[in-house]
Amino acid sequence: MSIRVIPLTDPDFKPFSRRIAWLAAEADGTPVGSAFLRLHSRKAHAHLGEAELTVHPAERDRGIGTQLLGAVVNGAREHDVRTIVADVDVDSVGDRFLQRRGFTIGLTLIYARLDLSTTTPDVPAVAGYRLVSWDGVPPDELVQTFTDARAGMNDAPSGTIAIPVDVWDVERTRYAAQLIAQRGEHLSVVAAVDGTGRIAGFTEVVVPGDGKGDGQHYGTAVLPEHRGRGLALWMKAAQIHETRRRFPDLDGLRTDTVDTNRAMRRTNDRLGYRPQYRTHRRKLDL
């Protein structure tokens, strides 16, 4: 039977992005695959589109993925997207599919996990700094300096993908924390404060609402002028100890790191994180 690719309305709207979608179906309506393209509303990010393609394993090698990818590329062009990116496990079927269709490797992510039943080393305090922590929305007296500290992620490795500086303001900082709470999850932040009272770095963890399974690191950053002192190691170790104490039923913590970010990889290794798998973020320039 012939395959139809049907545009769909996707309800997955977010504050700064939306998705367009397609369904691949047999003539009788039986679905055999789908594709999504996330479009960014912020002007600086509008050139990037994030794609997801899925074809049922039993229906592969029929050209369905190629049809879906064609719809994604056309949709991207219609919305002035200049680069499509897609995450696929290294050496997977999807990885090879995208490679054959001109997608190059933009960067490689290493996904690692910490088993919370193992022992985490105690890391000594860094002279000249103190640690503070909070749940959810930052305290009013720290929200501006916490927002400013997000600039510590601006020079994070991005491979060959042109990613502009991500601008944050206080409103966005508060909203991001509120959104996590609305999902029923727990956001915990540990930050290092310097002698002037300003935040020099931070690390975030999000834990499922029931406190079970695995938590996820959302971001760790240290401002450039405070690097080389061991702040990331100190903050993350403190956060692990606190997370273990507050959520005794939690099994582990997960994190992902660009493979060229050697400093963060060394930090994670020292804390006991163990690599689980690797993902290629492939890109296609239109």
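The lining of the largest cavity divides by residue class into one nonpolar, three polar and two charged residues. The model is predicted.

**Stop 1: the cavity.** Select Ser188, Gln239, Glu242, Thr243, Arg246 and Phe247, which line the largest cavity. The space inside comes to about 30 Å³, and the structure holds one cavity of 30 Å³ or more.

**Stop 2: helix α5.** Next, select residues 231–246, which form helix α5. This helix gives four residues to the cavity lining, the largest share. Gln239, Glu242, Thr243 and Arg246 fall within its range.

Stop 3: Now move to Val55, Arg60, Val93, Gly94 and Phe97. Of the 23 residues lining the second largest pocket, these lie nearest its centre. The pocket holds about 550 Å³ of space.

**Stop 4: the elements around the pocket.** Which elements give two or more residues to this lining? Select β4 (48–55), α1 (64–78), β5 (83–89) and α2 (93–100) to show them. The largest share, six residues, comes from α2. Val93, Gly94 and Phe97, among the residues nearest the centre, carry numbers within the α2 range, and Val55 carries one within the β4 range.

**Stop 5: colour by class.** How many residues of each class line the second largest pocket? Colouring the lining by class gives nine nonpolar, five polar and nine charged residues.

Technical notes. Residues are numbered from 1 along each chain as its sequence is written. This is a predicted model: local features need pLDDT of at least 70, side-chain atom pairs count only at pLDDT 80 or more; totals for chains, interfaces and linings use all residues. Side-chain values use heavy atoms; hydrogens and water are left out. On a 1 Å grid over the protein atoms alone, a cavity is a set of points where a 1.4 Å probe fits but cannot get out, and a pocket is an open set with protein on both sides within 12 Å along at least five of seven lines; lining residues have an atom within 4 Å of a point. Grid points are joined across faces, edges and corners, and a volume is the space filled by probe spheres set on the points. Ala, Val, Leu, Ile, Met, Phe, Trp, Tyr, Cys and Pro count as nonpolar, Asp, Glu, Lys and Arg as charged, and the others, Gly among them, as polar.
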